[in-house]
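Dear colleague,

Please find the structure below, together with its sequence. My notes on it follow.

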Amino acid sequence: MNEKTHLEDLAILGGMPAFAETLHVGRPNIGDRDVLFARINDLLDRRWFTNNGPYVQQLEQRVADLIGAKHCIAMCNATIALEIAIRALGLKGEVLIPSFTFVATAHSLQWQGITPVFCDIDPISHTIDPEQVERAITSRTSGIMGVHVWGRPCNVEALAEICGRHGLKLLFDAAHAFCCTHRGRMIGTFGDAEVFSFHATKFFNTFEGGAIVTESDEVADKARLMRNFGFAGHDNVVQLGTNGKMNEVSAAMGLTSLESLDDFIAVNHRNYQQYRKQLQNIPGVRFLNYDENEKCNYQYIVLEIDEKAIEIKRDRLLQILWDENVMARRYFHPGCHMMEPYRSDPLYTAVKLPATEKLTRQILVLPTGTSVEEAHINAVCSIVRLAIAHGRELDARLQSAEASAVMRSAQGHVAISGDA
Ligand code: T4K
């Protein structure tokens with residue numbers, strides 16, 4: 001793939017796509033294959049595939065040690081882990097959450113008849129705004145679920161203080177924040193419980209997977225029971241439960257990936273610095289920085305495109321990148337409150353979240369991870385820079401091409417109708 005310097009090079013104007021093979025956001029990182037296959041062979045020999053097997057137990061211990069948390073309960077994915085954490089904490093009624101998050105955060109509540117109450121975010125940190133949270137508390141509120149979006153921590157102190165004052169539970173959706181710190185302390189150790197995602201698209205993955213981490217023996221005990229149908233022993237079901245168990249192949253992947261964690265972070269950090277060098281000084285584009293004094297997984301390369309300051313729309317830029325086979329993403333457009341079932345529910349008609357709605361029109365997430373190389377980043381950045389530098393001309397040319405296409409299709413329609 002080559003860097004692009006002239007408008008005519010762009011695939012959207014007829015040039016060759018920069019990438020023959022599609023470049024994705026969220027390409028999985030893979031540890032040592034031989035070690036993984038050896039582990040899978042072992043579990044096949046053992047014929048112990050799931051139900052709290054030895055690999056799952058090892059993974060839980062290693063994650064708990066890494067985080068410095070008392071308990072880690074591995075799950076089949078983070079969505080089920082959130083649902084179980086919500087029940088184990090006894091949340092009910094209303095729970096305050098951001099709308100600027102992956103829809104699983106909201107669904108995990110709604111799925112079990114709890115009302116997600118959407119609060120706006122702080123436009124700089126992209127995390128839930130404690131002032132909005134405080135204003136949204138009612139007599140039905142039982143808790144707050146903050147989301148450490150992009151692995152950058154919520155304002156945990158302010159949220160904990162509000163929870164303390166109002167007697168609320170504090171849960172964190174830490175899906176993005178494995179191996180990140182806040183003020184030097186590992187994420188996973190805040191609030192009443194936190195939930196990680198180990199989905200394929202996360203920097204550390206178990207194919208599908210997730211975990212609840214907590215300091216509370218009570219929450220951990222409940223979560224373990226709920227993960228396994230409420231079984232407290234053979235034939236002894238002591239409460240309602242579901243199936244949230246992680247299987248042994250996933251745990252084998254997790255144990256193997258843990259051994260390469262530092263390499264994954266080093267590659268992500270290098271990619272992040274390279275992107276930052278090339279994109280941080282473009283007027284109208286805010287490059288999202290990570291605090292170098294904290295540990296971070298650098299899994300998300302995030303741009304905020306200010307459509308008023310540059311003369312090309314975010315969605316146009318997205319379309320240009322897709323035509324180059326760069327599948328950039330606009331997480332978390334359009335915001336949970338604009339998705340079903342929330343959008344059509346009269347409960348949410350009056351919800352106005354200006355900071356969230358503005359941000360969802362601005363975000364562009366670019367590919368990183370161990371499958372992304374220096375030359376890829378140079379090519380992606382050259383496309384972004386070229387499109388932005390010639391925003392007005394590009395937009396005008398594409399608009400006129402689109403208008404001609406509409407005209408041609410309308411004429412074709414008339415001709416066909418005429419034939420008939
Ligand atoms: N809370 C938050 C804040 C979250 O971000 C998430 C998940 C959750 C909770 C729930 O966690 P889990 O229950 O999933 O453990 C993706 C992921 O599917 C989702 O896990 C993740 N957040 C979200 C941010 O991203 P989509 O809808 O973007 O998935 P999809 O299929 O479009 O894949 C994303 C990109 O990754 C594509 O460009 C292709 C690439 N990809 C994907 C897979 C699965 C690969 O290259 N290989 C793969 O195996 O949601």
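Is S142 buried or exposed? S142 is buried, with a relative accessible area of 12%; here buried means under 20% relative accessible area and exposed over 50%, with partly exposed in between (1.4 Å probe, protein chains only).

Two points on the source should be kept in mind. This is a predicted model, in which local features need pLDDT of at least 70 and side-chain atom pairs count only at pLDDT 80 or more, while totals for chains, interfaces and linings use all residues. Residues are numbered from 1 along each chain as its sequence is written, and side-chain values use heavy atoms, with hydrogens and water left out.

S142 belongs to strand β5 (residues 141-147); strands (E, at least two residues) and helices (H or I, at least four) are DSSP runs numbered from the N terminus. Apart from its neighbours within four places in sequence, S142 is in contact (heavy atoms within 4.5 Å) with L91, K92, E94, V95, L168 and K169. A polar atom of the S142 side chain lies 2.5 Å from the backbone oxygen of K92.

Helix α1

L36, R39, I40 and L43 are the buried residues of α1. Seen down the helix axis, these buried residues fall within an arc of 100 degrees, so they line one face of α1; the arc is that of the directions from the axis to the C-beta atoms. They pack against α2 (54-67) and α8 (248-258). The face turned away from this buried side carries the exposed residues D34 and D45. At the start of α1, a side-chain oxygen of D32 comes to within 2.9 Å of the backbone nitrogen of D34. After α1 comes R47, with a positive phi near 55 degrees.

Domains

The domain assignment, which is automatic or from a database, gives domain 1 (7-29 + 261-328 + 367-401) and domain 2 (33-259). Their contact takes 19 residues from domain 1 and 25 residues from domain 2. The area buried between domain 1 and domain 2 is about 1900 Å², of which carbon and sulfur atoms give 54%; buried area is the accessible area (1.4 Å probe) that two parts lose on being put together, summed over both. In domain 1, L261, N297 and Y300 lose the most area to domain 2, together 34% of what that side buries.

With kind regards

Key:
A polar contact is a pair of N or O atoms within 3.5 Å; within protein, one must be able to donate a hydrogen and the other to accept it, and residues adjacent in sequence count only if both atoms are side-chain atoms.
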